[in-house]
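Colleague: I am new to this protein and would like a close look at one part of it, namely the salt bridges. Could you take me through them carefully?

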Amino acid sequence: MGTASASVAQAGDVSAGATDRVLRVYTNNIENLVRNNADGSCTRISGPDHLTSMLVDDGGRTGTSGVQAPDLLIVQQVRGTGQATAYADQLAAKFGHPAGTYRAIVAWDDPEPWGGSHHCNRQSLGDLKKKQTNAIIYNTRTLSLAAGDVSKYWSAGWLKPGTAYAGGAGCTLYKPPNNDDGAANRHKWKRTSAIAAKFSIKETGTTVFAATMHLPEQNGANACAGAGTTGVAGSGIHVGADATRLMNASTIRVIGIDANRRNIASSTLSGFGMTGYGARPTFGTRKIDYLFVKGTVQPSAIDHTVSSTKSDHLALYGFIAY
């Protein structure tokens, strides 16, 4: 599993959040920066192009001088530490900061490949989607991370094909030995490993919890969060024990998730003090991606959903006052 070293404030650091006291958070399944097209072709997207398509100003517009450096990018479906770190450095360069300004917390450093073409008629592009895991990218200018404040990964749940289901009965954790056992999909479960961390805002000391999740496709038909459970409010979502410890110690809380399940209510995580933002479809005509926040979120002219995102999934964002 990947680990993140604690960031240490250096003399002369200037917090980008010092002037406006806003925490800028985005979540997106970046699909390994390979986009599937309707005709069966795939298009490779550069990190800078993807970032330009996703980052918005306070009015929800991309590509303007008002777009400010984000504090947290919660992402799904990256190839591992290498891609996440390169993407983080491209984000730093976009705002004139040196490499290492943004750091990545990755559930699996280098997950094994799985699957075949991944719906790309050029195998070389399909191969780029074979390694999949999840990450949190954070801005060391605004956020600090102490040793021990990264959770252990936790596994999603699923209903294995051919298993009877009744309100959670039949569900199990989606990890060995219960995951896909075919040769092509043996390591697919690593794409659903969730991870979380607790940060502190350097300017104020405010604690911030962030988590990234990606649930299996089977969650769409049968909500499963683990052995015999449908998860929070029947959504298939659950937060691991180690992550829950960090969440309970945090003032601001954000969870970004590709749930592979339609129309999960914005009140689903209200028991954690969190509200969902963005109600528009995120994957074709389906709403399957979610951003839940505990905190004061600024209104959004575009329903917190960035329609120009260069990914199969549309990005969600929340600008949180602190």
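Modeller: A salt bridge is counted here where a side-chain nitrogen of Lys or Arg lies within 4 Å of a carboxyl oxygen of Asp or Glu. In this predicted model, the structure holds 14 salt bridges, and Asp20, Arg24 and Asp58 are joined by such bridges into a network. Another pair is formed by the side chains of Arg61 and Asp57, with N and O 3.1 Å apart, and Asp57 counts as buried because its relative accessible area is 4%, which is under the 20% cut-off.

Lys129 and Asp312 meet through their side chains at 3.7 Å, N to O; Lys129 sits in the loop between helix 3 (123-127) and strand 6 (133-139), whereas Asp312 sits in the loop between strand 16 (305-306) and strand 17 (315-321), 183 residues apart, and both Lys129 and Asp312 are buried. Arg191 pairs with Glu217, their closest N and O atoms being 3.1 Å apart, and here Arg191 belongs to the loop between strand 9 (172-173) and strand 10 (195-201), while Glu217 belongs to the loop between strand 11 (207-214) and helix 4 (241-248), 26 residues apart. Arg191 is buried, at 7% relative accessibility, whereas Glu217 is partly exposed, with a relative accessible area of 37%.

As for confidence, the mean pLDDT of the protein is 94, and 94% of its residues reach 70 or more, but pLDDT stays under 50 over residues 1-18. Where pLDDT is low, the predicted coordinates should not be read in detail.

Conventions
Residues are numbered from 1 along each chain as its sequence is written. This is a predicted model: local features need pLDDT of at least 70, side-chain atom pairs count only at pLDDT 80 or more; totals for chains, interfaces and linings use all residues. Side-chain values use heavy atoms; hydrogens and water are left out. pLDDT is the predictor's confidence in each residue, from 0 to 100. Contact means heavy atoms within 4.5 Å. Buried means under 20% relative accessible area, exposed over 50%, partly exposed in between (1.4 Å probe, protein chains only). Helices (H or I, at least four residues) and strands (E, at least two) are DSSP runs, numbered from the N terminus.
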